[in-house]
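Please look through the sequence and the model before reading on.

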Amino acid sequence: SRTLRLAVIPGDGIGQEVVAEGLKVLTAVLPSDVKLETAEYDLGARRYHATGETLSDETLASLKEHDAILLGAIGDPSVPSGVLERGLLLKLRFAFDHYVNLRPGKLLPGAKSPLAGHQPDSASPTRPEIDFVVVREGTEGPYVGNGGSLRTGTAQEVATEVSLNTAFGIERVVRDAFRRAAARPRKKLTLVHKNNVLVHAGHLWARIFQQVAAEYPEVSTDYLHVDAATIFFVTQPERFDVIVTDNLFGDILTDLAAAVTGGIGLAASGNINPSGAYPSMFEPVHGSAPDIAGQGKADPTATVLSVAMLLEHLGYAAEAARVEAAVAADLAERGPDARSTSQVGDALAARVSG
Ligand code: IPM
Ligand code: MN
């Protein structure tokens with residue numbers, strides 16, 4: 001029998017509630033010969049206030065001994081902005097070299113898109129498909145913390161936040177995106193950047209993209225400036241297949257992607273280390289939502305879909321597909337009555353085991 005060693009970081013706010021439901025569905029869908037071993041890590045605001053720790057080397061070393069990590073949400077109003085985000089979430093992504101931040105933008109049957117022509121009542125055969133995936137670079141760009149402040153607090157204050165872009169870092173994520181595009185039916189890859197203004201980083205991205213493209217003649221390519229890309233996300237999202245972009249553009253674009261594919265309550269993500277040297281980490285794109293935390297109001301679907309990505313990553317493709325199908329069926333049958341977090345989790349768990 002096989003063992004799946006899963007580290008679980010519920011984190012802050014609604015993280016606890018949604019992760020519990022994700023685990024419910026994971027337990028229900030795993031084949032009976034797979035033994036699920038979970039280790040829960042108390043990280044986030046509570047731990048920080050109690051001990052001052054955001055993420056110690058010891059905790060990192062312990063997390064590393066797992067096949068994957070499931071994370072709920074990080075961030076709390078009681079902690080200054082950036083402390084947990086940088087000291088915990090980004091530290092995990094950087095330490096485990098999660099250079100592929102994979103964020104699908106897929107309008108599932110039953111999900112409600114705000115876009116014209118994508119309403120749930122429009123006849124499905126004519127409803128244009130939104131089914132793309134954003135490959136967001138996860139370890140570089142403006143996220144590295146390369147900057148500083150001068151003359152702080154004076155009228156002459158200056159702050160810099162310098163984006164780091166290495167040929168090594170760009171090439172590996174661009175290669176990953178080409179591999180993913182080549183494996184999909186439409187075989188299309190769009191580079192998104194802003195190389196009319198950010199000429200240094202932008203031209204490096206474009207040059208490496210062109211070089212790798214030569215090795216994938218079967219993949220059709222195009223380029224969009226990030227501002228233009230936001231227009232097409234709304235007016236013509238069906239034009240996208242795979243998108244590769246830098247860390248910050250990818251952050252912004254994937255919130256927009258969530259908005260057009262049924263909302264942030266459905267958006268899943270994987271922070272992937274493709275080499276397998278470190279555990280990959282799966283998390284809903286949404287945050288800790290302190291305003292509704294502890295009330296059983298959060299939709300656990302994004303976490304459940306992140307569990308599907310985790311399953312896919314670990315080679316359980318059939319189980320991943322069952323989770324996605326369960327979510328689609330649940331969405332299609334959602335009535336007007338609000339269900340609690342655990343009711344949604346129970347319904348999805350029942351569907352995957354039934
Ligand atoms: C996300 C979040 C994070 C990011 C924050 C919380 C650091 O917005 O996962 O998209 O910017 O990457
Ligand atoms: Mn974000």
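This is a predicted model: local features need pLDDT of at least 70, side-chain atom pairs count only at pLDDT 80 or more; totals for chains, interfaces and linings use all residues.

1. Residues are numbered from 1 along each chain as its sequence is written, while chains are lettered from A and ligands numbered from 1 in the order in which they are written.

2. An unreviewed UniProt entry lists Arg 93, Arg 103, Arg 136 and Asp 227 under "binding site". These positions spread over 135 residues of sequence and, in space, lie up to 26.3 Å apart between C-alpha atoms. Such annotations may be inferred rather than shown by experiment.

3. Arg 93 sits in helix α4, residues 83–95 (helices are DSSP runs of H or I, at least four residues; strands are runs of E, at least two; both are numbered from the N terminus). Arg 93 counts as buried because it has 20 C-beta neighbours inside 10 Å (buried means 20 or more other C-beta atoms within 10 Å of its own, exposed 12 or fewer, partly exposed in between, with C-beta atoms placed from the backbone). Leaving aside residues up to four places away in sequence, Arg 93 touches His 98, Gly 138, Thr 139 and Asn 271 (contact means C-beta atoms, placed from the backbone, within 7 Å).

4. Asp 227 belongs to helix α7, residues 226–235. Asp 227 has 12 C-beta neighbours inside 10 Å, so it counts as exposed.

5. Strand β5 (residues 131–137) runs parallel to β10, joined by four bridges (strands pair if DSSP finds at least two bridges between them). Here Val 134 stands opposite Ile 243 of β10. Strand β8 (residues 188–193) also pairs with β10 in the parallel sense, over four bridges, and Val 192 has Thr 245 as its bridge partner.

Conventions: Two residues are in contact if their C-beta atoms, placed from the backbone, lie within 7 Å.
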